[in-house]
Amino acid sequence: MTKLNLIDLYKTLATPILDKGKNQLRFSACPIPGYSNHRLAKDNSNYPSLLIATKGRSENRPAPIKLEHLRVLFDVDCRISQESKLEENRFTVVSCTEQDPQIQEYFLRVSATIVTVIGQEPTHSQVAKTVGNLVELFRVMHEAPRKSVQGLWAELFLMTLSTSPAELVRAWHISPEDKYDFSSGDQRIEVKSATSRLRQHHFSLGQLTPLKGIEVLVASVFVERVGTGMSLAELSDILRAKIAKEPDLLLYLDQVIGMSLGSDWRSAAKDRFDYNLAKKSLAFYLSEIIPKISSNIPREVSAVHFKVDLTEVDAVDKKSLKQKSGLFRFVGF
């Protein structure tokens with residue numbers, strides 16, 4: 001599947017000129033490649049908009065949605081300028097109401113995912129559900145971060161190296177309260193990153209003492225900030241290309257990243273990390289051989305955390321992971 005690039009397409013659009021006395025929405029727009037029923041548009045305020053066409057008319061039109069950087073109008077009549085022609089049609093209009101280039105690019109990137117998810121002829125319910133996911137992404141942009149950029153980068157890094165990135169994305173956690181970063185069947189993977197080039201990581205006692213029958217693999221990686229490194233946004237683009245044939249996973253990926261970063265979303269493009277160092281340093285450890293505090297803890301004591309130095313702990317041979325069943329066999333490279 002060819003990557004849908006709405007950022008470059010948007011740059012080709014001219015600002016529309018309004019007709020006096022007309023109160024209909026007016027856009028300069030063009031069909032979206034591969035999804036010609038929908039339009040990418042620019043309004044007279046130079047705001048980017050996604051115009052979504054649906055089958056028929058909605059009997060119960062949802063109320064408009066307005067956030068700080070986003071506006072959604074369902075089933076509205078629009079006048080569109082396109083190559084000296086005027087088109088009048090009814091669309092659901094999703095607009096980024098912000099001049100900040102970073103926010104506009106974020107909107108256009110996610111809009112490309114939205115289009116691939118809903119397809120060429122979506123129903124009204126499909127549009128409402130998928131647009132709701134976009135609204136949630138913009139809502140969490142003002143919430144406190146749930147995970148550090150460094151920690152999130154390390155998780156994305158592991159997925160980009162996977163022999164089956166889609167399987168790891170499916171197993172990826174969406175809640176920061178989850179004990180492990182990846183979970184599938186009776187297997188768990190926890191990613192730990194370090195900036196000091198010392199393989200020292202913080203664990204909760206619960207992470208290293210799983211329930212009977214649960215296997216836990218710890219991925220340890222050095223994540224070091226460098227000016228010439230790879231940003232979180234660039235790393236996510238690599239991963240997106242690898243799972244491009246599964247649009248629902250693309251949207252899920254955006255959701256987890258958005259919820260994890262919260263108000264730190266700008267750091268996704270700003271902070272850069274040494275990809276080569278990360279790849280050379282990546283090592284895996286089984287939880288049962290990692291030193292830990294005795295699990296014989298009084299019931300009154302909880303939330304036990306400690307730091308472990310894995311330098312002298314035997315790592316799992318990466319090639320042997322490919323012989324494993326389940327989730328573990330996808331992390332080797």
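**Close-up views of a predicted model**

**View 1. Strand S10 and its two partners.** Strand S10 (residues 215-222) is largely enclosed by the rest of the structure, because seven of its eight residues are buried (under 20% relative accessible area, with exposed over 50% and partly exposed in between; 1.4 Å probe, protein chains only). Helices (H or I, at least four residues) and strands (E, at least two) are DSSP runs, numbered from the N terminus. This is a predicted model, in which local features need pLDDT of at least 70 and side-chain atom pairs count only at pLDDT 80 or more, while totals for chains, interfaces and linings use all residues. Residues are numbered from 1 along each chain as its sequence is written, and side-chain values use heavy atoms, without hydrogens and water.

S10 pairs with strand S8 (residues 187-194) in the parallel sense over eight bridges; two strands pair if DSSP finds at least two bridges between them. In this pairing, Ser193 stands opposite Val221. Strand S13 (residues 283-286) runs antiparallel to S10 and is joined to S10 by four bridges. Here Leu217 faces Leu286.

**View 2. The loop at Gly119.** Gly119 lies in the loop between helix H2 (101-118) and helix H3 (124-139). Gly119 is buried, at a relative accessible area of 16%. Leaving aside residues up to four places away in sequence, Gly119 touches Tyr35 and His38 (contact means heavy atoms within 4.5 Å). From Gly119 to Leu286 the C-alpha to C-alpha distance is 42 Å, and the two are 167 residues apart in sequence.

**View 3. The buried side of helix H7.** In H7 (residues 232-242), the buried residues include Leu232, Ala233, Leu235, Ser236, Leu239 and Arg240. These residues are on the same side of H7 because they cover an arc of only 160 degrees around the axis, the arc being that of the directions from the helix axis to the C-beta atoms.
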